[in-house]
Amino acid sequence: MRASLLGVMLLLSAYAAAVIETYEFSTPALEARYQLLSEELRCPKCQNQNIADSNAPISQDLRRLLHQQLEAGASDEEILEFMVARYGEFVRYRPAFNAVTAVLWLAPLLLLLAGVAGLLLILRGRRQGGGSLTADDEAQLAALLKNSEKDA
Amino acid sequence: MAPRLKLFLPLVIFVVLAGFLYRGLSLDPMELPSALIDKPLPAFSLTALADGRALTRDDVIGEPALFNVWATWCISCRAEHPYLQRLADTGIPIYGINYKDEDQAARRWLQELGDPYRANIVDREGSLGVDLGVYGAPETYLVDADGVIRYRHVGVIDDRVWRDTLEPLWREVLAMAQEP
């Protein structure tokens with residue numbers, strides 16, 4: 001009985017240790033900004049997790065820094081700049097638009113335009129392409145039809 | 001002729017796609033370009049592992065050097081260690097950044113495995129690590145004589161990495177340092 005209780009307690013303690021740490025905020029507005037920013041900032045170590053979801057040591061560090069900077073009165077811009085200066089645009093899920101990220105931002109639009117252009121070309125080709133035969137084709141067709149009638 | 005050429009369109013699309021996918025096989029998605037290339041080594045005020053004396057940026061710049069981020073909890077660092085020792089034996093200055101580690105364990109590690117480092121900067125909280133954009137260990141930074149970061153390698157340095165990537169840059173940085 002005691003052993004099983006101990007087992008349950010051990011399991012619970014492991015669970016408690018796995019929970020992401022919580023921070024106290026002086027105002028609810030700061031806490032809301034913390035939520036937004038920690039969801040927008042990407043964990044540099046993990047390929048596709050934000051720092052709010054990731055339990056990698058580097059995400060813990062970045063969350064701690066985020067908390068410190070918010071409490072110190074830094075603006076969202078300043079915090080994002082701080083992170084980008086160290087980890088590059090990779091650290092933002094919505095990177096700033098500049099020469100390096102232009103392809104990233106514009107590629108979907110360009111692909112969409114290319115798709116629409118391709119579709120229009122195909123549709124136009126279909127509308128025009130219906131049954132236009134040259135004089136030679138007509139003659140050949142007539143001859144074939146004549147032959148097949150004879151066979152029948 | 002044009003409709004005939006159109007028949008090759010699927011083949012062309014396939015070849016282009018296959019080309020991209022083939023290239024993707026040899027790319028490492030974990031590799032991030034460092035935001036600090038050609039930027040000065042960040043300032044810091046930490047302590048030395050060996051004797052606890054204060055260390056700042058000014059103590060570690062002035063000649064080209066490697067800065068190796070390591071920790072005793074980092075398994076790859078153990079694999080990398082003998083190669084760092086070999087590099088240090090050829091006279092290359094290597095500074096260690098002991099990243100989020102325990103001093104005792106780190107000192108024991110150096111006693112047991114040998115100490116290739118000029119000095120070790122104790123970064124227990126990972127603050128220098130964050131300023132450098134470190135996201136794991138081992139990472140190695142190549143810093144020139146002016147204290148400017150020239151290259152960052154993520155992962156273990158081995159013979160191949162040194163020969164193909166780091167050594168050419170190292171020679172370049174050395175040559176730059178020797179010019180008046």
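Student: Which way does H2(A) pass H3(A), left-handed or right-handed?

Tutor: H2(A) passes H3(A) in a right-handed crossing: the near helix is turned clockwise from the far one by less than a right angle. Helices here are DSSP runs (H or I, at least four residues), numbered from the N terminus. Keep in mind that this is a predicted model, where local features need pLDDT of at least 70, side-chain atom pairs count only at pLDDT 80 or more, and totals for chains, interfaces and linings use all residues. Residues are numbered from 1 along each chain as its sequence is written, and chains are lettered from A in the order in which they are written.

Student: At what angle do helix H2 and helix H3 of chain A pack?

Tutor: Two packed helices are described by the angle between their axes and the distance between the axes. For H2 (residues 28-40) and H3 (residues 57-71) of chain A, the angle is about 145 degrees and the axes are 10 Å apart. Axes are lines fitted to C-alpha atoms over the stretch in contact, with angles from 0 to 180 degrees between N-to-C directions.

Student: Which residues make the contact?

Tutor: Contact means C-beta atoms, placed from the backbone, within 7 Å. A:Leu30 and A:Tyr34 of H2(A) are among them, as are A:Leu66 and A:Leu70 of H3(A).

Student: How many residues does each chain give to the contact between chain A and chain B?

Tutor: Chain A gives 13 residues and chain B gives 11. On the chain A side, H3 and helix H4 (76-87) each supply at least two.

Student: What does B:Tyr95 touch?

Tutor: Leaving out residues up to four places away in sequence, its contacts include B:Val60, B:Phe67 and B:Ile121.

Terms used. Two residues are in contact if their C-beta atoms, placed from the backbone, lie within 7 Å.
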